[in-house]
Amino acid sequence: MQTVILVIHLLLALGMIAVILVQRSEGGGLGIGGSGGGGGGGGFGVMSSRGAANLLTRTTAILAGAFMITSIILALQSNTRTEPGSILEQAPAISAPAVTEPAEDTGPAAPTR
């Protein structure tokens with residue numbers, strides 16, 4: 001479940017980036033010129049510069065709201081996990097090898113003929 005929400009969260013982030021980059025900073029969406037743009041009717045048409053700006057503003061607001069909701073859901077899910085928090089706690093216990101004491105040193109061996 002968390003993976004699905006995370007994928008949706010990333011898609012929302014990419015969508016917001018795309019929608020925000022399409023907008024003009026002066027408020028005339030889609031980079032259309034200031035003289036009415038691509039539609040007719042003095043900037044009040046459906047896809048005129050003002051209409052496109054309103055559409056992009058609404059789309060940005062919807063994407064931002066959904067992004068915030070998925071952020072809250074992911075934060076709540078990560079807060080309620082009961083798994084150990086450290087990899088060291090998950091690792092199986094490894095017992096140390098038994099330490100054997102070295103044999104008593106008797107000195108050099110006598111030469112044999």
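Predicted model: local features only at pLDDT ≥ 70, side-chain atom pairs only at ≥ 80, totals over all residues.
Is Leu 14 counted as buried or exposed, and at what relative accessibility? Residues are numbered from 1 along each chain as its sequence is written, and side-chain values use heavy atoms, leaving out hydrogens and water.

**View A. Leu 14 and a nonpolar surface patch.** Leu 14 belongs to helix 1, residues 2-22 (helices are DSSP runs of H or I with at least four residues, numbered from the N terminus). Leu 14 counts as exposed because its relative accessibility is 55% (exposed means over 50%, buried under 20%, with a 1.4 Å probe and protein chains only). Together with Val 7, Leu 11, Ile 17 and Leu 21, Leu 14 forms a nonpolar patch of about 540 Å² accessible area (Shrake-Rupley method, 1.4 Å probe; patch residues have over 30% relative accessible area and no salt bridge, and nonpolar side chains are joined within 5 Å). A salt bridge is a side-chain nitrogen of Lys or Arg within 4 Å of a carboxyl oxygen of Asp or Glu.

**View B. His 9 in helix 1.** His 9 is buried, at 12% relative accessible area. Its side chain makes a polar contact of 2.6 Å with that of Thr 70 (N or O atoms within 3.5 Å, one able to donate a hydrogen and the other to accept it; residues adjacent in sequence count only if both atoms are side-chain atoms). Leaving aside residues up to four places away in sequence, His 9 touches Phe 67, Thr 70, Ser 71 and Leu 74 (heavy atoms within 4.5 Å).

**View C. Thr 60 in helix 2.** Thr 60, in the helix of residues 49-79, is buried at 16% relative accessible area. A polar atom of the Thr 60 side chain lies 2.7 Å from the backbone oxygen of Leu 56.

Terms used:
Patch = residues over 30% accessible without salt bridge, like charges linked within 9 Å, V, L, I, M, F, W, Y side chains within 5 Å. Helix = DSSP H or I, 4+ residues; strand = E, 2+ residues; numbered from the N terminus.
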